[in-house]
Amino acid sequence: MTSLLSSSAVRERTTPDQPEPGRRRRPVLLLAVVSGLLAATLTLVLAALLTLLGWYLSDAGAHGEPRDALAVAAGAWLVAHGSGVEVSGVPVTLVPLGLTLLACWSTWRSGRRLGESLWGHGPDVHRLADGERDWTVPVAVTGFAAGYTAVASVVGRAVGDDFPSAGGPVLLWVLALSLLVAAPAVAIGSGRAAVWASALSPVVRHGAATARSAVLLQLGVAALLLVAALLLDLGAAANMVEQLGTSPGESVLLVLVTLALVPNAVLCAGAFLAGPGFAVGGATVVSPGVVVLGPLPMLPLLAALPEQGTPVAWPTLVLLVPAAVAAAAAVRVQRRRPTLRWDHGALRGCGGGIVAGLVLTLLTSLAGGAAGPGRMRFVGPFTSEVLVHLITAMGVGGLVGGLAITWWQRHTSVPADAEELEGH
């Protein structure tokens with residue numbers, strides 16, 4: 001009887017729908033490699049289409065051939081992955097984050113679909129209870145990174161003469177995309193993220209929600225600041241385009257280039273709101289306290305820069321924005337997930353604010369680089385100062401917001417027994 005029960009249990013645990021791990025990892029790895037190939041190829045195809053459009057609009061295709069435009073597209077794809085480029089012997093390391101966002105979108109989309117196709121893979125409940133580890137997500141992310149790296153290697157070899165230093169930086173960016181974008185996407189799509197999150201402390205989960213809300217709010221405020229500054233100086237932007245003397249087709253191409261740099265401008269606006277600001281060339285600074293500018297390139301996006309001088313009316317108010325954003329995020333999250341414990345409210349708000357400051361600083365560090373020769377080798381936010389200001393302001397703001405909403409909920413909550421009496 002015991003042997004019959006044992007064999008029955010084995011048959012229950014090993015059904016046709018749940019193959020053994022050795023048989024399962026091969027299709028998981030294959031699917032992951034294909035997903036990585038597709039994610040990288042999709043971005044490359046989009047870059048090729050945009051480049052062909054720009055080539056045709058610039059002079060109706062009168063100069064050069066389509067393969068030249070495709071070579072430029074491959075170079076733009078590498079630049080979007082941090083390779084940098086040399087123009088007349090001058091290194092240009094500024095990454096157009098608009099193209100990088102396309103790569104992130106393609107990676108997230110492919111990762112989610114990969115995760116959804118793998119939700120039934122991995123050990124079942126019985127094998128997990130026996131101590132078996134679930135390697136589905138790590139194997140999938142490894143395969144995804146391998147597929148993406150294969151495309152990067154092919155593109156790098158195709159245009160390697162013009163991008164001699166593309167190898168290392170591109171591989172680092174591919175690794176970052178795989179770990180920071182593809183891995184969460186696969187975990188969410190496969191359902192593992194929900195399982196792992198349920199094992200975390202509620203304070204950690206709610207603090208992470210606060211950090212996410214604070215990051216999105218801060219980026220939204222920075223984008224609004226950029227749009228408002230452009231609208232105020234829209235005439236200056238139009239004058240720049242007029243002075244360039246571009247044709248209608250070339251104007252469209254200029255708009256595409258500007259859109260590729262908009263995320264960089266948003267992150268610079270965020271650095272401005274943080275206090276330290278950013279540089280647009282050597283010996284320049286754009287911050288709430290002081291604005292020092294020099295000769296600037298004819299880029300319409302630069303019309304959003306403030307006038308030369310020292311603003312004195314509102315710099316203090318600007319410096320309060322990150323703290324207010326963190327406080328608002330803490331209040332917003334805790335209204336949906338209330339708590340009456342002072343320590344939980346403080347940890348949610350303060351911890352979420354500090355994590356948000358770290359994430360925003362990491363994003364801000366991607367916005368700068370060398371944009372040309374001479375003084376234009378120094379363009380972008382002052383990252384180290386931004387780190388100190390954001391962590392301090394958002395940590396304190398989140399703490400104040402968390403304690404304030406906790407106090408409000410403690411004074412407005414209705415005891416359970418009172419609710420029962422009201423129900424009767």
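What share of the contacts in the protein with a separation of 6 or more comes from residues 24 or more positions apart? The answer is 77%. Keep in mind that what you're looking at is a predicted model. The protein has 424 residues, and 41% of them are buried. Its secondary structure comes to 16 helices and six strands.

**Where α9 meets α13**

- Start with helix α9, which covers residues 202-232, and helix α13, which covers residues 321-336; the two pack with their axes 8 Å apart.
- The angle between them is about 135 degrees, and α9 and α13 are therefore oblique to each other.
- On the α9 side, the contact is made by H206, A209, T210, S213, A214, L217, Q218 and V221.
- On the α13 side, the residues are V321, P322, V325, A326, A328, A329, A330, R332 and V333.
- Sorted by class, this contact between α9 and α13 has twelve nonpolar residues, four polar ones and one charged one.

**Another residue of α9: A208**

- A208 is also found in helix α9.
- With a relative accessible area of 45%, A208 is partly exposed.
- Look for A356 too: A208 and A356 sit 148 residues apart in sequence, yet their C-alpha atoms are 8.7 Å apart in space.

**Where α14 meets α15**

- Next up are helix α14 (residues 342-364) and helix α15 (residues 383-412), whose axes come within 7 Å.
- These two cross at roughly 155 degrees; an angle over 145 counts as roughly antiparallel, so that is how α14 and α15 run relative to each other.
- Here again you'll find a right-handed crossing, with α14 passing α15.
- The class count for the contact of α14 with α15 is 15 nonpolar, eleven polar and one charged residues.

**T136, tucked into α6**

- T136 belongs to helix α6, which spans residues 136-158.
- Is T136 buried or exposed? Its relative accessible area is 7%, and anything under 20% counts as buried, so T136 is buried.
- The side chain of T136 has a polar contact with the side chain of R192, at 3.3 Å.
- Leaving aside neighbours within four places in sequence, T136 touches V28, L118, H121, G122 and R192.

- A283 sits in the loop between β3 (278-280) and β4.
- What is the phi of A283? A283 has a positive phi of about 60 degrees, although it is not a glycine.
- A283 counts as exposed, at 78% relative accessibility.
- Further along, G289 has its place in the loop between β4 (285-286) and β5 (291-292).
- G289 is partly exposed, and its relative accessible area is 38%.
- To see what G289 faces across space, find V318: the two are 29 residues apart along the chain, with 9.7 Å between their C-alpha atoms.

Terms used
Residues are numbered from 1 along each chain as its sequence is written. This is a predicted model: local features need pLDDT of at least 70, side-chain atom pairs count only at pLDDT 80 or more; totals for chains, interfaces and linings use all residues. Side-chain values use heavy atoms; hydrogens and water are left out. Axes are lines fitted to C-alpha atoms, for helices over the stretch in contact, and angles run from 0 to 180 degrees between N-to-C directions. Helices (H or I, at least four residues) and strands (E, at least two) are DSSP runs, numbered from the N terminus. Angles under 35 degrees count as roughly parallel, over 145 as roughly antiparallel, 65 to 115 as roughly perpendicular and the rest as oblique. Contact means heavy atoms within 4.5 Å. Ala, Val, Leu, Ile, Met, Phe, Trp, Tyr, Cys and Pro count as nonpolar, Asp, Glu, Lys and Arg as charged, and the others, Gly among them, as polar. Buried means under 20% relative accessible area, exposed over 50%, partly exposed in between (1.4 Å probe, protein chains only). A polar contact is a pair of N or O atoms within 3.5 Å; within protein, one must be able to donate a hydrogen and the other to accept it, and residues adjacent in sequence count only if both atoms are side-chain atoms. A crossing is left-handed if the near helix is turned anticlockwise from the far one by less than a right angle, and right-handed if clockwise.
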